[in-house]
Amino acid sequence: MSTILIDIRRAKPDDAVSLADTHDEAWRAAYMGLIPGPELEKLVQRRGPSWWDAAIRRGSRIALLTFGDEVAGYANFGRNRAKSLHYGGEIYELYLRPEYQGLGFGRRLFSMAKRDLHESGQNGLVVWALSDNEPAVNFYRALGGRAVARSTERFGTKVLDKVAFAWTR
Ligand SMILES: CC(C)(COP(=O)(O)OP(=O)(O)OC[C@H]1O[C@@H](n2cnc3c(N)ncnc32)[C@H](O)[C@@H]1OP(=O)(O)O)[C@@H](O)C(=O)NCCC(=O)NCCS
């Protein structure tokens, strides 16, 4: 019998390549058909290993969920960027490789990020999702998020609605 270790830990510079790969795989699967192809390609290309390496080295908070030796997903988070929303923290991104979705790993990463934000004095948090990203919207609802704001984001010629979910504590 073999045991596979599931762990959540802070990203190190050595993780830049795996993070870029996880980002690439997860974003293509989540946004293909939603974000126009050339725009999605640009978003993915922009976030190669050097982008992740720089983000890790400047101290961005990035948590990785590892399954054995593989990075299954990540969450990055920090101070809430929308001053009109009175929540201290924000999860900027939370993504799992497709083969690791639906196993409770998203909930684990979310809880870890929420706890980390709380412990660093950032009370309450928001997370934005594209309104048409149904799996994400359903996930944040299942985790008790309340829709508190709406906005739009332009991807080339396409404008998509997005929704902010919030947790007060
Ligand atoms: C969205 C995402 C992070 C969720 O993570 P996950 O590991 O698949 O979700 P979990 O297994 O932890 O599920 C947690 C809860 O959300 C619910 N949930 C998750 N995905 C769901 C879906 N597609 N539809 C309905 N409910 C869903 C689960 O039923 C579970 O509820 P329960 O604990 O009450 O049973 C993950 O699927 C993912 O990376 N998707 C692609 C990327 C993405 O869209 N990220 C969010 C960008 S804003």
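This is a predicted model: local features need pLDDT of at least 70, side-chain atom pairs count only at pLDDT 80 or more; totals for chains, interfaces and linings use all residues.
Biologist: Let's start with H5. Which of its residues are buried?

Modeller: Helix H5 spans residues 134-142, and its buried residues are Ala136, Phe139 and Tyr140. Looking down the axis of H5, you'd find those buried residues within an arc of 95°, so they line one face of the helix.

Biologist: And which residues are exposed on the other side of H5?

Modeller: Over there you have Glu134, Asn138, Arg141 and Ala142.

Biologist: What do the buried residues of H5 pack against?

Modeller: Three elements: helix H4 (105-119), strand S5 (125-130) and strand S7 (158-167).

Biologist: Now the ligand. Which residues come nearest?

Modeller: There are 19 residues around the ligand, and Gly106, Arg107, Pro135, Asn138 and Ala142 come nearest. At least two shell residues each come from helix H1 (16-31), strand S4 (89-96), H4 and H5. H5 gives the largest share, 5 residues.

Biologist: How does that shell split by class?

Modeller: It has 12 nonpolar, 6 polar and 1 charged residues.

Biologist: Last one: how should I read the nonpolar core?

Modeller: The general idea is that nonpolar side chains tend to be buried together in soluble globular proteins. Here, the largest nonpolar core has 39 residues, and Tyr74, Ala75, Ile91, Ala113, Val126 and Val127 have the most contacts inside it. Take Ala113: setting aside neighbours within four places in sequence, Ala113 is in contact with Ala63, Ala75, Phe77 and Ile91.

Technical notes
Residues are numbered from 1 along each chain as its sequence is written. A residue is buried if 20 or more other C-beta atoms lie within 10 Å of its own, exposed if 12 or fewer, and partly exposed in between; C-beta atoms are placed from the backbone. Helices (H or I, at least four residues) and strands (E, at least two) are DSSP runs, numbered from the N terminus. The arc is that of the directions from the helix axis to the C-beta atoms. Two residues are in contact if their C-beta atoms, placed from the backbone, lie within 7 Å. A residue is near a molecule or strand if its C-beta atom, placed from the backbone, lies within 6 Å of it. Ala, Val, Leu, Ile, Met, Phe, Trp, Tyr, Cys and Pro count as nonpolar, Asp, Glu, Lys and Arg as charged, and the others, Gly among them, as polar. A nonpolar core is a set of buried Ala, Val, Leu, Ile, Met, Phe, Trp, Tyr and Cys residues joined through C-beta atoms within 7 Å.
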